[in-house]
Amino acid sequence: MTDDSAVPAADPLVAAAREAFADAYVPYSEYPVGAAIRTADGTVFVGCNIENANYSNSLHAEEVAIGEAVKNGHTEFDRLAVASDARDGVTPCGMCRQTLAEFCDADLEVVCDEGDGVSTYTLGELLPDTISLQTLTDAEEQRRQR
């Protein structure tokens, strides 16, 4: 993790994540989150969390942003920003980290808004030893060898 607390949050990707949380539907948690993900070609897609009374059916901001990007033909990403209304340095949850790992390398930069600065991580720091096509393939090969 890099503590960039001295870096102003005027970062355009952080600003896009902040704008996105304004559209969140959060009647249960009252914790709006926004995410902005940048594709390899520089296109930015945003998402916000959308809650449901059955919490397991809720959509997370990062997943909404990735879903929008994939729907538009993008599957390569280089940077993600996440912001909450609390500006508390929120990081992607484990489920979102795994979703990110489906499309992103371990060096994906994840920028977390702290209000007056940011903390920056790599996806690999947030999710070491991810489940991937390679880990599933390796496990299948080991089962066959038994």
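Predicted model: local features only at pLDDT ≥ 70, side-chain atom pairs only at ≥ 80, totals over all residues.
Residues are numbered from 1 along each chain as its sequence is written, and side-chain values use heavy atoms, without hydrogens and water.

**Exercise 1.** Find how helix 2 and helix 3 are oriented.

*Solution.* Start with the ranges: helix 2 spans residues 61-71 and helix 3 spans residues 94-103. Helices here are DSSP runs (H or I, at least four residues). Next, take the geometry: the angle is about 25°, and the axes lie 9 Å apart. Axes are lines fitted to C-alpha atoms over the stretch in contact, and angles run from 0 to 180 degrees between N-to-C directions. Therefore helix 2 is roughly parallel to helix 3 (angles under 35 degrees).

**Exercise 2.** Name the residues through which helix 2 and helix 3 meet.

*Solution.* Contact means heavy atoms within 4.5 Å. From helix 2, take Glu62, Glu63, Ile66 and Val70. Their partners in helix 3 are Met95, Cys96, Thr99, Leu100 and Phe103.

Notes:
Helix = DSSP H or I, 4+ residues; strand = E, 2+ residues; numbered from the N terminus. Parallel < 35°, antiparallel > 145°, perpendicular 65-115°, else oblique.
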